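Thanks, everyone. Please bring up the model, and let's walk through the ligand site together.

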Amino acid sequence: MTTATFPTIGIFPSDTAVNPSGHLAIGGCDVTDLAARFGTPLYVFDEATLRTRSGEFIREFGSRYPEVTVLYASKAFINKALVRLFAEEGMGFDVVSAGELAVVQAAGVPLERVYFHGNNKGPEELRLALEWGIGRIVVDNFYELATLEALGAQRGRAQDVLLRITPGVDPHTHAYISTGATDSKFGFPLATGAAEQAVQRAMALPHLNLIGLHMHLGSQLFETEPYALAIDGLVGFAAQMVRRHGLDLQEFSPGGGFAVQYVEGRAAPAIGVYAQIISDAMKQACAAHGLSLPRLIIEPGRSSVARAGVAVYTVGAIKDIPGVRKYVSVDGGMADNIRPALYEAKYEAVVANRMDAPPTETVTIAGKYCESGDILIAGLHAPELRPGDLLALPASGAYCLAMSSNYNASPRPAVVLVKDGAARLIRRRETYQDLMQWDE
Ligand SMILES: *Cc1c(COP(=O)(O)O)cnc(C)c1O
């Protein structure tokens, strides 16, 4: 098997090649065989890339900072097999709903390794989380503080919590995935004084055990400077809280948001670059304010899974509108990947069954759903595509299936995990019967 040399290869899983038949191969599996066996659309996850990536986070941060916990932000894509795999690699989990918590629990992971986030966790979700013995709850607002205190009082036990603080730093990413500025639905703003009130309130509540502070600036942050700025500000705030209110800062989280490369040209910083900036900023700020180093909690979501996943579609109808555009439609689209329609996310693609065909024209890759905005790739440089060709979109592991829907009553795709030439189905394709199972 030869390693592919086509330009987009760096965006594919590490275990990607072109085999002697000229087909794309991932984890030693020929993608045309996978498509024939499991159907399309199909999401292929490469096990080696998933494991390498988690190991990299643990190593790069762990070698630069004394005590580190890496949590997989499971909203990027959650599945029981994936949870077990990440747990084996030593990761904990960040969940944003009781549903995600239920999946982690069903996968058999001890819930002390789980942190619960979200700007409006329901009372029932919180009750379940406490009953199931969740490790930490990251409290977002005053209503949640009150709800948790009441639940803790009923149970007669104190819960470990962190407070999510909005540091007032603009991370320079798409507005829909920016969360660190003061105008945000997430967290207690530092700028308004709400953050200090929250610390005082939490410390006064007998059934809450405040052990740390958390922030999350947004997603797809190519710049590292916002982390340094925000850490500096938030550690300064923490030091004030230690002096004024006796806060015991055991844990500190700068969240996730590490960028991923989707298209040619703009490479994302290596994990080591983020690890260096974050640990330097922590050490400098803690030293400047006379604090001992708290445990560092890192929450990579997108950057843990995006590159490991490849979406495979079959080409169907082709519509050439002379002088306007050539539409090439595939058998999936916004129901399995809404990112291009939602925030103009960009993708590359290759023809998995004809990897040696040189690109000759620029086409628009359209989804099959009944929205004109259902366009997966606005301008793809490709060989002349034919019905039946297999189009593979790299970097499809994060926030695609996680945001998938049954729009147009479409069954969701199957998901396979590939390794050493073997493919394991980790989620079966939905059936038409599945679509009706809740109807009367
Ligand atoms: C979504 C989220 C993350 C992960 O963000 P990525 O950009 O996927 O790394 C981490 N922490 C919190 C609190 C989040 O909401």
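**The ligand and its surroundings**

Start at lysine 75: a polar atom of its side chain lies 2.7 Å from an oxygen atom of the ligand. A polar contact here is a pair of N or O atoms within 3.5 Å; within protein, one must be able to donate a hydrogen and the other to accept it, and residues adjacent in sequence count only if both atoms are side-chain atoms. Before going on, note that this is a predicted model, where local features need pLDDT of at least 70, side-chain atom pairs count only at pLDDT 80 or more, and totals for chains, interfaces and linings use all residues. Residues are numbered from 1 along each chain as its sequence is written, and side-chain values use heavy atoms, with hydrogens and water left out.

Next, serine 219. An N or O atom in its side chain is 2.3 Å from an oxygen atom of the ligand. Arginine 302 uses its backbone: an N or O atom there lies 2.7 Å from a ligand oxygen. How much of the ligand does the protein bury? Alone, the ligand exposes 380 Å², and the protein buries 95% of that. Those areas come from the Shrake-Rupley method with a 1.4 Å probe; for residues, only the protein chains shown count as cover.

The ligand has 15 residues around it, and Lys75, Ser219, Glu299, Arg302 and Tyr399 come nearest. Near means a heavy atom within 4 Å. That shell divides into three nonpolar, seven polar and five charged residues. Ala, Val, Leu, Ile, Met, Phe, Trp, Tyr, Cys and Pro count as nonpolar, Asp, Glu, Lys and Arg as charged, and the others, Gly among them, as polar.

**The pocket**

Where does the ligand sit? Its space is the largest pocket. To sit there, more than half of its atoms must lie within 2 Å of the grid points. On a 1 Å grid over the protein atoms alone, a pocket is an open set with protein on both sides within 12 Å along at least five of seven lines, a cavity is a set of points where a 1.4 Å probe fits but cannot get out, and lining residues have an atom within 4 Å of a point.

The largest pocket holds about 730 Å³ of space. Of its 32 lining residues, Lys75, Thr179, Phe186, His216 and Tyr399 are closest to the centre. The lining divides into twelve nonpolar, 13 polar and seven charged residues.

**Two backbone points**

Most residues other than glycine have a negative phi, and most peptide bonds are trans. The bond from threonine 40 to proline 41 is cis, with omega near -10°. Alanine 409 has a positive phi of about 50° although it is not a glycine.

Key. Points joined across faces, edges and corners; volume = space filled by probe spheres on them.
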